[in-house]
Amino acid sequence: MGEHKRIGILTSGGDCAGLNAVIRAVASRATLTYGWEVIGILGATAGLMSRPPQYRDFTLPHTEPLLIMGGTILGTTNKGNPFAFPMPDGSLKDRSEEIIEGYHLLNLDALIGIGGDGSLAILRKLAQQGGMNLVGIPKTIDNDVGSTERSIGFDTAFSIATEALDRLHFTAASHSRVMILEVMGRDAGHIALNAGIAGGAHIILLPEIPYDLEKVCEKIHERKNLGRNYTLVVVSEAVCTETGETVTQGWQGEQRRLGGIGQYIANRITEKTGAETRVTVLGHTQRGGIPSPEDRLLASSFGVAAVDLIAAGQYDRMVAWKNREVVSVPIADAIKDYRAVDLNDTLVKTARGLGICLGD
Ligand code: F6P
C-alpha cells in the first residue's frame, strides 16, 4: 500500500459542473486504494489562509451524492489573487506565505488543485515558492486550458447551450425571427462552436474569427431567399464588435465581466436587414446544474489519475485528456497559453462544410 499520506484537495476559479464528482473520485481512490487521509480545503486558497485553516475531512465516508451534484461543496472564488490580495483598506498585499504556512500546518503531503489556467498558474507559483507537492486537474466551461482536449465542465455547458438552441428553433420559426444566443467563453469560442454545430445554428460567431456584418446579413438574406423564415445565431461573449471593442458589463477587480455582444449584434442586424431579433443570454445556467454523463466520466478519470500521480511521486503535473486517454503533462506547459479554437480544427471545417456562416 506504500507510505501513508495526507492529501488536500481544493477547487479554485469559477465553478462548473463535475467538480464534486472529482472530489468523490479523489476521496475514493485515495482512501480505498491507498488508505490515505483526504481533506477538502474550503473556499479555494482562502481556506489555507484562514487560521485555523478551514477544511472538511473526506477520509470518512461522505453521505452526499457527490457524483451528480452541481457546483462545488468546497466553495470557490475567482477573485483574490493571493500575491496581490485586496485588503479592506483598498491596498493589495502579498499573502502567499500565509497559504503556504496553511498547507504545512495541515501536514499535507500533497495538494490537488482543480482549476482553470489562471488558478493553476497561481497554485503553481505557490507550490514552487513553498515546497508544496501540487497536482493539477483542469476544469473550465471555456475548455481553454492548454495541453488537454477537455476540461471538466465543458461538456455540461455545451450541452446546455445546445439544448437552448434546440428550443429556440421552434419559437424562432413561429415568429419568423432572427434569434441570437449569447454563450460564455471568456477568451475562446469552444462552447459557441460545439453547441452551434450540435444545435443547428446558421451563424456562429467566435472570438477567434472577426466577423463582417455584411456576411452575417448576407446569410440571413440567403436563408430568406431559400424560403427559410428564421435564423439562429450563436455568439460567444468574447466576440468583439466590428471596430474591435469588447462588450463588457464593467470590471470585477482586474477582470472584465463580459456580456452584451448578443444585443449589440441583434441591433446591428435589425438596422441592416429590418429583421425582428431577440436575444437570449445563457449566462451562469451554463455553469450550474448536474454534470453531464461525459463530465462525470472525465471527472472520475481525472480524480483517480491525479491520486495515482501522487502515489508515483509525480508532482508539478496536470492530468489531461488526449485521444480518450488520461495522460499527464507539466503544469508549466498547460498554463503557457490558453487553448483558443484552432482555425484548422475539424469542427471549424465541419461548420464551414455544413454551410454555417462563421462571420468571415
Ligand atoms: O471562465 C469561466 C466563466 O464562466 C467565463 O466563461 C465567464 O466569462 C466568466 O467565468 C464569468 O465569471 P463570473 O462568474 O465571475 O461572472
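A residue is counted as near a molecule or strand if one of its heavy atoms lies within 4 Å of it. In this predicted model, local features need pLDDT of at least 70 and side-chain atom pairs count only at pLDDT 80 or more, while totals for chains, interfaces and linings use all residues. Residues are numbered from 1 along each chain as its sequence is written, and side-chain values use heavy atoms, with hydrogens and water left out.

Around the ligand stand Asn78, Ile141, Asp142, Met184, Gly185, Arg186, Glu237, Gln252, His284 and Arg287. A polar side-chain atom of Arg287 is 2.8 Å from an oxygen atom of the ligand, and for a polar side-chain atom of His284 the distance to a ligand oxygen is 2.9 Å. Gly185 places a backbone N or O atom 3.2 Å from an oxygen atom of the ligand. On its own the ligand has 400 Å² of accessible area (Shrake-Rupley method, 1.4 Å probe; for residues, only the protein chains shown count as cover), and the protein covers 86% of that area.

The protein chain is divided into domain 1 (6-152 + 291-336) and domain 2 (156-287), with bounds from an automatic or database domain assignment. Their C-alpha centres lie 33 Å apart. Contact (heavy atoms within 4.5 Å) joins 14 residues of domain 1 to 16 residues of domain 2. The two domains bury about 1,100 Å² between them, 45% of it on carbon and sulfur atoms; buried area is the accessible area (1.4 Å probe) that two parts lose on being put together, summed over both. In domain 1, Asn78, Ile141 and Asp142 lose the most area to domain 2, together 46% of what that side buries.

One salt bridge is found across the interface, the term meaning a side-chain nitrogen of Lys or Arg within 4 Å of a carboxyl oxygen of Asp or Glu. The side chains of Asp15 and Arg287 form a salt bridge at 2.9 Å, N to O.

Definitions and conventions
Polar contact = N/O pair within 3.5 Å; in protein donor to acceptor, adjacent residues only side chain to side chain.
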